[in-house]
Every structure is written in structure tokens, then in C-alpha cells.
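Q: Please take a close look at a single part of this model. I would like one connected walk through it.

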Amino acid sequence: MEVLGIDIGGSGMKGAVVNVETGKMLSERYRVSTPQPANPQNMAEALRGIVRHFGWSGQIGCGFPAAILHGVAKTAANIDDSWIGTNVEKLFSKTTNCLVKVINDVDAAGLAEVHFGVGKNVRGSIIMITLGTGIGTALFIDGMLYPNTELGHIIMNGMDAEHYTSNETRKTQNLDWDEWAQRINEYLAYMEALFWPDLIIIGGGGSKYHEHFFHKLKTQAEIKPAHLLNEAGIIGSAFYTTVAH
Ligand code: BGC
């Protein structure tokens, strides 16, 4: 079955048609910048543009950068606060005239890795961590997702961890690869002390540069870059429509 997967982040909104049985993208990826202010009206309009680009009228799975409970956004760290309390599924379904299912963006990316990527057939506990505009996390046990973990917001050195360690912070503070790797290591040590995962998967925009910093990371658990890199969010969002209630 073909589903349009759309990965919405703090900086970009990316879509592609995905075969949800194989986890393969069937079209080129289409990206637009996340509009500013990143409020419901502007983002719904941008989403409509992506759907038009594909001439799509079927099902859509959408990853969204917030805790999502039964289609409703509960948080808004890198998007406009007016999202909080908005039923994203209803708004996007109405805007596009398609059936839209919405899941947290990193839960979506994690689903893709666990079903089609580096976490496939892995038993035990997995933490997927994305380093992008913010930090997102997804927790799995024997392939089952515990949703909306929001562990990018634990407090480290007196601040929100994502403000200390995200890829955005690397850029704005001009951190070199050593400095950034050091901060990621502090964050990973904190995660390991709390969760003792068997496998850590690193994804998100920052994972594009993994050859610069991955060898500097030190963990007790096995650690791997996301297999599907930046496509995981799109593939997992589409796949989510097959397991959503
Ligand atoms: C948000 C999460 C999101 C992550 C990555 C965080 O700031 O709170 O919901 O998954 O950024 O986009």
C-alpha cells in the first residue's frame, strides 16, 4: 500500500510517497521550510502545498514535533505555542481533504528504524535519539513503542538538554566536532544512567555528519547511526498509518 509520509520538524517539512510494506520511498523527497511563525494556520497551508505537489488524495501519515495524544498536540518547544491543545489530526485532515494520522516525529523515525532499519529484529530496549533543531527521543522494548517520551527536555547543566546538545546549538554556538561530541557524550551518559538501553540509535539532521563525530561517542550500549538517516521520519510517519488506532 502507498501512503504519503510527511515529516514535520522545527526547520523543514518533508514528504514522499512510501510503500508501507517494504518501507521504501517511491518518490523523490519534497521539502519546504517550516513557515514562521510556525503556527497552525501557516503550517497547515504549507502541508496543503506538499500534498498538492504530489497530487495526493489517499492516506497521509504525519510526524509532528510535539507530544501527540489522540491527535492533539500537548507541547510546543520549537513551534508556536498556539499549537498546544490543537487537534492536529483534525486540522490536517480538514486542510488536505485526506485522512491524516499524526504521531510524534521521533516516534515515527524510531518506528521506521525498528521495522525497516538498524533496529530491525533487535530484541531488548532501544533508545532512538534525534539531534536536529531540538532533541527528540523514542523508546522501544522488543519492538514496541512507549510514545511521547520527550527526553530532549531533561535538565542538564541547569538548562533544557536540547538547548545544550542539539544540532541547532552546534551551529549557533559554532561548536567544533570535539566540543559537540563531548556534549552528546554527557547527554548519552545521562540517558544510560536512567534507562540502560541495549542499543542507541542516533538520527535527525545532525546524523548527516556522523562521520565527523560518531567515532568520538562513548557509550556502554551499542550505538549506531540511523540507517535511514533523514528519511526515517517520512517512512515511519507513513508506516504509522498501518498501526494507528
Ligand atoms: C519536541 C519533541 C520533538 C523533538 C524533535 C522537541 O523539542 O519537544 O516533541 O520530538 O523536539 O523534533
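Is helix α3 mostly covered or mostly uncovered, and how many of its residues are buried?

A: This is a predicted model, in which local features need pLDDT of at least 70, side-chain atom pairs count only at pLDDT 80 or more, and totals for chains, interfaces and linings use all residues. Residues are numbered from 1 along each chain as its sequence is written, and side-chain values use heavy atoms, with hydrogens and water left out.

Helix α3 is mostly covered: 10 of its 12 residues are buried. Buried means under 20% relative accessible area, exposed over 50%, and partly exposed in between (1.4 Å probe, protein chains only). The buried residues of α3 are Asp105, Val106, Asp107, Ala108, Ala109, Gly110, Leu111, Ala112, Glu113 and Val114.

Now the helix itself. Helices are DSSP runs (H or I, at least four residues) and strands are too (E, at least two), numbered from the N terminus. Helix α3 covers residues 105-116. The expected span of a helix is 1.5 Å times one less than its number of residues. For the 12 residues of α3 that gives 16 Å, and the end C-alpha atoms are 16 Å apart, so the two agree.

Next, the N-terminal end. Asn104 caps α3 there, with a side-chain oxygen 2.9 Å from the backbone nitrogen of Val106. A polar contact is a pair of N or O atoms within 3.5 Å; within protein, one must be able to donate a hydrogen and the other to accept it, and residues adjacent in sequence count only if both atoms are side-chain atoms.

Asn104 also faces the ligand. The ligand is surrounded by 13 residues, and the closest are Asn104, Asp105, Glu150, His153 and Glu162. A residue counts as near if one of its heavy atoms lies within 4 Å. In the side chain of Asp105, an N or O atom is 2.5 Å from a ligand oxygen. Glu150 likewise has a side-chain N or O atom 2.5 Å from an oxygen of the ligand. For Glu162, a polar side-chain atom lies 2.7 Å from a ligand oxygen. Taken alone, the ligand exposes 310 Å², and the protein buries 94% of that. Such areas come from the Shrake-Rupley method with a 1.4 Å probe; for residues, only the protein chains shown count as cover.

Asp107 and Tyr146 are 39 residues apart along the chain, yet their C-alpha atoms are separated by 8.5 Å. Tyr146 sits in strand β11 (residues 144-146). Tyr146 counts as exposed because its relative accessibility is 57%, whereas Asp107 is buried.
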